[in-house]
Each structure stands twice: as C-alpha cells, then as structure tokens.
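Please look over the sequence and the model below. The paragraphs after them go through the structure part by part.

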Amino acid sequence: MSEDPTLFDIIGSTRAMRRLKPDPVPDELVAKIIEAGVCAPSGANSQTWRFLVVKSPEIKRAVHAYYKRAFDELVGPHYAKSKPPPGVTPEAYARQHAAVEHLTEHFHEAPVWIVPCLLNRGSAEPKRWDGASIYPAVQNMLLAARALGLGATLTTRHLMFERETEALFGLPPGVHSYAIIPVGYPLGNYGPVKRAPISEVTYLDRWEQPFVRPS
Ligand SMILES: Cc1cc2nc3c(=O)[nH]c(=O)nc-3n(C[C@H](O)[C@H](O)[C@H](O)COP(=O)(O)O)c2cc1C
C-alpha cells in the first residue's frame, strides 16, 4: 500500500482489530473518530446519536463480565460448530476464532471504548431500520480509526445482556446502545479483508440474474 492510502485502500484493509496494546489513545484522536462518525447520514438528518466514551476500568471490567459470559454460554459453542464464511479459508477462520477468544479475554483492557447510542424516537416495536441511523456512523468510525493508525472492532455481543450492561453505562430510559467499539493501538497488521467475490452476491434487476462486471 502506498504511503498515502486512498479511501479504497483504507476500506480494503479495515479488519476487525481485536489485539490491542494497552497504551492510552489521546482524546484528540477519539474526538476525530467521533467527528468522522457524525459525518454519517441519519434518517431525516435527525442525528439522534450519542456517543459514550468509556475509559473507566471499573465500568469496563463490569461490562466485560457480561461480554465473557455471553461467549461462554452462547457465542463460543456456536463458533465451535460453525463453518468458515464465504471467501475465508479454514486456517484464516481458525485465526479469527483465536482473535475472538483473545478479545473475549481482553475486552476491558482496550484503553478506550466508544459506545454508539441512539435516542428512541418513540416506536415501541423494533423496526428493521432501527440501526440504520447509527451503523453508518459506526462504519465511519472504524474507517477513521484505521486511517489514524488505530485498531477497532464493531462488537454487539453485550446486547445479549442489554439491560444489565446499559444500566452499567447509566443509559436513561429511551436511550439504547448499538455497539461497543474497543479502540487502541493495534498489535497485528491491517487487512486485506477477505470476502466472497461480488459476483457471488450481486444480481441485476431480478433475484439471481447475474450482474456481470465489465472486464
Ligand atoms: C453486527 C456485528 C456484530 C459483531 N459483534 C462482534 C462481537 O461481539 N465480537 C467480535 O469480536 N466481533 C464482532 N463483530 C466483528 C465481526 O466478527 C467481523 O466484522 C467479521 O468477522 C469480519 O472481520 P474482518 O473485517 O476482520 O474480516 C461484529 C460484526 C458485526 C457486523
């Protein structure tokens, strides 16, 4: 990759960076990441997002207990039985497992977490588009962290204990968390990300009609 990576270089190398150094991340960089987040679209430009920056070792440790419990009770057994996803070799999948286990043990040691939240806009029933006003901001933040030489991972596992973990974050009624993004200086290397080719996942006009990429 060139000295000055393009946006596509950044996109193509923004992996889940689960092995992080404990070194602190300057608040200025955290602010830059969140600034990238709020450049994202939100429905009607409502910007009902809020971002909790968590550095307290006590709070991280308390939330970590639920993150680990969710792995031990649900995620770990599921992972152990699952097959490699499209575009991923068994060896790479084994490495992903090891990295997931590493983050499970060390989640709370990331120097800073960013917890993206949304204010509830009144609908009691969950809707398919609920997350659409926060996950674009999350992806912007992952890309910004990568561009700044930091590592980050989108995680949602704490939501298996949503009530307990949101109480630890002090979220008031009507505010919900959508992810926890542990951020730190990476121990491993960035990308390239491994995915199935777009020819396997892209159709033209009607379902299963191939979209042919010009050669
Ligand atoms: C909805 C969602 C939830 C995720 N939750 C977790 C999580 O709780 N813990 C974790 O380690 N990774 C989590 N991930 C990260 C994915 O496992 C990761 O993006 C995927 O394996 C691709 O990784 P790569 O970009 O490094 O190839 C989550 C990703 C998404 C999109």
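In which loop is Met17 found? Met17 sits in the loop between α1 (7-13) and α2; helices (H or I, at least four residues) and strands (E, at least two) are DSSP runs, numbered from the N terminus. Residues are numbered from 1 along each chain as its sequence is written. The model is predicted, with local features needing pLDDT of at least 70 and side-chain atom pairs counting only at pLDDT 80 or more, while totals for chains, interfaces and linings use all residues.

Burial is judged by counting C-beta atoms, placed from the backbone: a residue is buried if 20 or more others lie within 10 Å of its own, exposed if 12 or fewer, and partly exposed in between. Met17 is buried because 26 other C-beta atoms lie within 10 Å. Two residues are in contact if their C-beta atoms, placed from the backbone, lie within 7 Å. Leaving out residues up to four places away in sequence, Met17 touches Gly151, Ala152, Thr153, Pro186 and Gly188. Tyr185 is 168 residues from Met17 in sequence, yet the two are 9.2 Å apart in space, C-alpha to C-alpha.

The ligand comes next. A residue is near a molecule if its C-beta atom, placed from the backbone, lies within 6 Å of it. There are 13 residues around the ligand, and Arg15, Ala16, Thr155, Thr156 and Arg157 come nearest. By type, the shell holds 5 nonpolar, 4 polar and 4 charged residues. Here Ala, Val, Leu, Ile, Met, Phe, Trp, Tyr, Cys and Pro count as nonpolar, Asp, Glu, Lys and Arg as charged, and the others, Gly among them, as polar.

In soluble globular proteins, nonpolar side chains tend to be buried together. A nonpolar core is a set of buried Ala, Val, Leu, Ile, Met, Phe, Trp, Tyr and Cys residues joined through C-beta atoms within 7 Å. The largest such core has 30 residues, of which Ile114, Met141, Ala145, Ile181 and Val183 touch the most other members. At least two residues of this core come from each of α2 (27-37), α3 (57-81), β2 (112-119), α5 (135-147) and β5 (181-184). The most, 6 residues, are given by α5. Beyond its neighbours within four places in sequence, Ile114 is in contact with Ile33, Ile34, Phe51, Val53, Met141, Ile181 and Val183.

Some backbone details remain. Ala44, in the loop between α2 and β1 (49-54), has a positive phi of about 55 degrees although it is not a glycine. Ala44 is exposed, with 9 other C-beta atoms within 10 Å. Asp205, in the segment after β5, is not a glycine either but has a positive phi of about 65 degrees. Asp205 is exposed, with 6 other C-beta atoms within 10 Å. Pro192 also has its place in the segment after β5, and a cis peptide bond with omega of about -5 degrees joins Gly191 to Pro192.
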